[in-house]
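Please walk through this structure chain by chain. Start with the overall build, then go into the details.

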Amino acid sequence: MSTLIAKQALRGLARDRGVALLAAILAVMVAVSAFLGWSATQTVNAIYAQAVGWLTAQGAPVPPNPLHEMPPLASLRNLPVYVSFLGAFAAIVIGQALVETDRRAGVLPLIGTRAVTAATVAKGRMLALTVATGALMSVAGLVSILALLTLPIQMGLADWFSLAAALALGWLYMTIFGLLSLGLAARLPGTAAGLLAGTVAWLAITFVLPALTGNVNPTAAINPVSALASVPDMPVFHWLSRLLGPVSLSEAFGWLEARAMGYLPAGLAPRAPLPLLSLGLAFAASAAFALHANATLDQTGGPDA
Amino acid sequence: MPGTRPTDPAIATQGLTLSYGGHTALHPLTLEIPRGEVFGFLGHNGAGKTTTIRLLTTLLSPSDGTAQVAGHDVNTEAMQVRAAIGYLPENVRLYDRFTTRENLTFFARLSGVEDPAAQVDRSLRFLRITELADRRVGTFSKGMRQRVGLAQAILHDPQVLFLDEPTSGLDPMGVRALREIIDRLRDRGMTIFMNTHLLSEVARSCTSIGVLAHGRLVFHDRISALDGYDERALEELYVGVAQEDAA
């Protein structure tokens, strides 16, 4: 029955223009990210070719092409930024829509009086959410693969596995926010309240926590280059970094993505002692919250008439 | 249905109560409705009619007392109760972006109907709404939605059908059409529990009535015991018992 609930929810999402728009924007932004990577690569390559010609004419030694020293996936380094921004926000909207669609349609009492447990319905919604975020990441992955195939870079088998790992991490990160939103939507009736609560949690994780753990400029937290900087040498940042590092999910995600895609600066330690464990625990906690909130969701359909 | 006997009443409650936060929404309710009855549950707004339906359909848990629906206890056999009932809430909208057929097929599958497509067609024919089958529900009037809502409630041939203010917001033609449907469902032997504050509906469609005032059952009898009561006399009776309770 969970599968039936999930299928119905996914059909509803597929017909939701807001969700379709967010998915399209995410795909376009990933494509733009790939284009920027391609453009930067082409520019460096062109400058290098001119420099080679000039150096050869001067009889000077020719240094190696800097592109060959770059990890192939570095050209997609903006991908985690868009997953942090648009992907997580799209997941919040999807989580909200999964509950609010049923509530607005007045079908909660119809589902609640069928011979199906509330936990089964909750699991169905969670399944729909994980499939929806998986579909979004698949679109992002497809765009990334198309971009990589057109770039003048050599991709080995290990690089393709690294890309798969980066995409899986993106799915995990998005799904954490989606599950959180699914639980919040069940707890807080009304689209505005549910979306606002989810967005506040996202803002806190994306901007506030990284600022507290060491980045003076919070927007730098999602930037794949400047975010990967050491904590400023001040006692307060060191203490906050130790205290909040394990729950600073966007930093854990950024660090893991940088490592998976090969552009992590050498010797840069993560804020969280075990960043993958931080994301895993956050996933488990948000899943437990979503399950409990949806299994205890008020299915009466509102106040007594 | 295994575990039930044909002689069991369709609905039986013993001291069914719902209290929360110091407020009693339903005072101990003891009621028995035989199978095949069309029971009209009358009461003013906020009297506790919807609360009673929610308790009997397992959407709410009683704070005290018990109830059996189709021979099953609402507290301990909620899944069996749900399998035996159909429910049409007051403000059903259904999935706007889906057609009637898509909506009904989903609910048929959720009810475990063996051949959902065939059962959906049967329900559409029964309610004479086959022309709405492939139209999106979002484009429907209140009356159309009500009929589709009723179709989802009877998809799995329930033994007991709960209707919460089914005529609310309907025009006279819609009310007449719904009354005719209720008559045909009654002829099929279905027990119908109908919340309403329309005395005309009770007088025309019901075989027994109960009057609820401020969460208390103040009157319960068969319509036949009220022979000679026309709509005006029923109104007098209703107002009388409600005022008596309030005093």
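This is a predicted model: local features need pLDDT of at least 70, side-chain atom pairs count only at pLDDT 80 or more; totals for chains, interfaces and linings use all residues.

Residues are numbered from 1 along each chain as its sequence is written, chains are lettered from A and ligands numbered from 1 in the order in which they are written.

Take chain A to begin with. Chain A has 10 helices and 0 strands. Helices (H or I, at least four residues) and strands (E, at least two) are DSSP runs, numbered from the N terminus. Along the sequence, the pattern of chain A reads α-α-α-α-α-α-α-α-α-α. The C-alpha trace of chain A spans about 90 × 45 × 30 Å along its principal axes. Of the 305 residues in chain A, 44% are buried. A residue is buried if 20 or more other C-beta atoms lie within 10 Å of its own, exposed if 12 or fewer, and partly exposed in between, with C-beta atoms placed from the backbone. Contacts come next. Two residues are in contact if their C-beta atoms, placed from the backbone, lie within 7 Å. Among contacts in chain A between residues at least 6 apart in sequence, 83% join residues at least 24 apart.

One residue of chain A shows such packing in detail. A:Leu98 sits in helix α3 (residues 79-104) of chain A. A:Leu98 counts as buried because 30 other C-beta atoms lie within 10 Å. Leaving aside residues up to four places away in sequence, A:Leu98 touches A:Ala9, A:Arg125, A:Ala128, A:Leu129 and A:Leu182. A:Ala128 is 30 residues from A:Leu98 along the chain, and their C-alpha atoms are separated by 8.2 Å.

Now chain B. Chain B has 8 helices and 10 strands. Its C-alpha trace spans about 55 × 40 × 35 Å along its principal axes. How does chain B compare with a compact globule in radius of gyration? With 247 residues, such a globule would have a radius near 18 Å, and chain B has 18 Å, so the two agree. The radius of gyration is taken over C-alpha atoms, and the globule rule is 2.2 Å times the number of residues to the power 0.38. Buried residues make up 48% of the 247 residues in chain B. Of the contacts in chain B with a separation of 6 or more, 70% involve residues 24 or more positions apart.

Look at the open sheet in chain B. Its 4 strands run in the order β2-β1-β4-β5, with antiparallel pairing. Two strands pair if DSSP finds at least two bridges between them. The edge strands are β2 (23-33) and β5 (72-73) of chain B, and each pairs on one side only. Strand β1 (residues 11-20) of chain B pairs with β2(B) in the antiparallel sense over 7 bridges. B:Thr13 has B:Leu31 in β2(B) as its bridge partner. Helix α1 (residues 49-56) of chain B lies across β1, β2 and β4 (64-69) of chain B, at about 65 degrees to β2(B). Axes are lines fitted to C-alpha atoms, for helices over the stretch in contact, and angles run from 0 to 180 degrees between N-to-C directions.

Move on to strand β7 (residues 160-164) of chain B. Why is β7(B) largely enclosed by the rest of the structure? Because 5 of its 5 residues are buried. In a regular strand the side chains alternate between the two faces of the sheet. B:Val160, B:Phe162 and B:Asp164 point one way from β7(B), while B:Leu161 and B:Leu163 point the other way.

β7(B) has parallel partners. Strand β6 (residues 85-88) of chain B pairs with β7(B) in the parallel sense over 4 bridges. B:Ile85 has B:Val160 as its bridge partner in β7(B). Strand β8 (residues 191-196) of chain B also pairs with β7(B) in the parallel sense, over 5 bridges. B:Leu163 stands opposite B:Met194 in β8(B). From β7(B) the chain crosses through helix α6 (residues 172-187) of chain B to β8(B), a right-handed β-α-β crossover. Right-handed here means that, with the strands pointing away from the viewer, the path from the first strand over the helix to the second runs clockwise.

B:Pro89 lies in the loop between β6 and α3 (100-110) of chain B. B:Pro89 is buried, because 28 other C-beta atoms lie within 10 Å.

Finally, the chains meet. 20 residues of chain A are in contact with 32 residues of chain B. On the side of chain A that touches chain B, α1 (2-14) and α4 (108-112) of chain A each supply at least two residues. The largest share, 4 residues, comes from α4(A). By class, this side of chain A has 9 nonpolar, 8 polar and 3 charged residues. Ala, Val, Leu, Ile, Met, Phe, Trp, Tyr, Cys and Pro count as nonpolar, Asp, Glu, Lys and Arg as charged, and the others, Gly among them, as polar.
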